[in-house]
Amino acid sequence: MALMDFIKKQLIEIIDWQDDSRDTLSYRWPDDDKEIKNNAQIIVRESQVAQFVYLGQYADTLQPGKHTLTTANIPVLSTILGWKYGFESPFKADVYYVTTRTFAGNKWGTANPIMMRDADFGVVRMRAFGQYDFKIVNPPLFLKEVAGTDNHFRLDEFADVMRSKIVTVFTEAIANAKVPALDVAARYSEIGAALLPAINPITTAKYGIEVTSFNIENVSLPPEVEAAIDKRGAMTTIGDMGDYIKYNMANAMAEGKAGSMGMGAEFAMGLGVAQQMANQPSGTVGVNPNAPKGMVPGSMAAPVAAAAPAAAPAMDLMNPAQVAQALGVTEADVLTELDAGTLKGRKIGSQWRVTRDAVDAFLKG
């Protein structure tokens, strides 16, 4: 009797495991080097599967429920063991419990910038990070490619193993999708959902997992690319340069910031500059064919001469060179009188404008 009790203690009759850790992906049931009794009971709970492994070969996978281990319930293992019909004997096999529920909130990120070809900026370096949810859909493949023979494979180990693999999958998917960098930065959730069909075939075929949700939280580009994006946005916001000048002139009038020329003169001059910019052919900005001799094209005085023909008819405005020509003196003499205040004028930026009335008043004074 004592011998029979000893033999029974060496046989496993019930296999059961309850996961109370919430971070276990796979768990090798401890058999203490005992054999499993034929007709033993195995309990598989919801969100679990039981995977039999015999001498490194993956055998049957049992779904949730209570199972009796017979040749009918474990046909693959029975074939591996070479059991004949009606033959019953204890057997040795490893039993892995694999958790099949969804694991949410797993972080991913690019350790180094990834190179991608972009339609707007050419080849750019991009960093990205976010979160993804996954579940195990192919336990044998998951155990083979990810968990291996680990007795207790946890989520933190999975993150270390899979982080670089998920980034590789993301890089391949976004490269094949040819999503512009500007669109990636503007539509995180939409692109994350669109990448799922590209990511899942790879993760399922290679690792036995299905990514149920893939989110992009941030995409960063090199500083020079971000600066180019900012400039493009600024130019889009400004729109037509002529309208932009008119808008600023109107604001100046509304705030009462007109100078010695008066609101009307400033407004007229602004309209003239805007009109000239709109009508001037490309590549001729700053070149005035009517400029006085000796004036260097592209110098600070050149844009002044270019703006004068459009503005003069409205308010009879002159620049220092024109005033000097009218008075028969040098331009330096005119600038000296303007700085001293004896000749009244209006300085806009680095350029002076003088009305005909101001010149007449100077001559009379």
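These entries record what I looked up in a predicted model.

**Entry 1: basis**

I number residues from 1 along each chain as its sequence is written, and I use heavy atoms for side-chain values, leaving out hydrogens and water. Because the model is predicted, local features need pLDDT of at least 70 and side-chain atom pairs count only at pLDDT 80 or more, whereas totals for chains, interfaces and linings use all residues.

**Entry 2: nonpolar cores**

I looked up the nonpolar cores, each a set of buried Ala, Val, Leu, Ile, Met, Phe, Trp, Tyr and Cys residues joined through side-chain atoms within 4.5 Å. Buried means under 20% relative accessible area, exposed over 50%, and partly exposed in between, with a 1.4 Å probe and protein chains only. The largest core has 45 residues, and those touching the most other members are Leu-25, Trp-108, Tyr-132, Phe-142, Phe-158, Phe-170 and Phe-214. Helix H4 (residues 155-177) supplies the largest share of this core, 9 residues. Helices (H or I, at least four residues) and strands (E, at least two) are DSSP runs, numbered from the N terminus.

I then listed the contacts of Phe-170, where contact means heavy atoms within 4.5 Å. Leaving aside residues up to four places away in sequence, Phe-170 touches Trp-108, Ile-114, Ala-128, Leu-195, Phe-214 and Ile-216. A second, separate core holds 21 residues, among them Trp-29, Ile-36, Ala-59 and Ala-93.

**Entry 3: helices H3 and H6**

I examined helix H3 (residues 139-147) against helix H6 (residues 188-207): their axes come within 7 Å and cross at roughly 85 degrees. H3 is therefore roughly perpendicular to H6. Angles of 65 to 115 degrees count as roughly perpendicular, under 35 as roughly parallel, over 145 as roughly antiparallel, and the rest as oblique. Axes are lines fitted to C-alpha atoms, for helices over the stretch in contact, and angles run from 0 to 180 degrees between N-to-C directions.

H3 contributes Leu-141, Phe-142, Glu-145 and Val-146 to the contact, and H6 contributes Thr-204, Ala-205, Lys-206 and Tyr-207. By class, I noted 5 nonpolar, 1 polar and 2 charged residues. Here Ala, Val, Leu, Ile, Met, Phe, Trp, Tyr, Cys and Pro count as nonpolar, Asp, Glu, Lys and Arg as charged, and the others, Gly among them, as polar.

**Entry 4: the sheet E1-E3-E6**

I traced an open sheet of 3 strands in the order E1-E3-E6, with mixed pairing. Two strands pair if DSSP finds at least two bridges between them. Strand E1 (11-16) and strand E6 (65-68) are the edges, each pairing on one side only. Strand E3 (residues 35-44) runs antiparallel to E6 and is joined to E6 by 4 bridges; Val-44 has Gly-65 of E6 as its bridge partner.

**Entry 5: strand E4 and its partners**

Is strand E4 (residues 48-54) buried or exposed? I found 6 of its 7 residues buried, so E4 is largely enclosed by the rest of the structure. E4 pairs with strand E7 (residues 94-99) in the antiparallel sense over 6 bridges, and Gln-48 stands opposite Thr-99 in E7. Strand E5 (residues 57-62) also runs antiparallel to E4, with 4 bridges; Val-53 has Tyr-58 of E5 as its bridge partner.

**Entry 6: positive phi**

Most residues other than glycine have a negative phi. I noted Leu-55, with a positive phi of about 50 degrees, in the loop between E4 and E5. Leu-55 counts as exposed, at 72% relative accessibility. Asn-39, in strand E3, has a positive phi near 75 degrees and is partly exposed at 35% relative accessibility.
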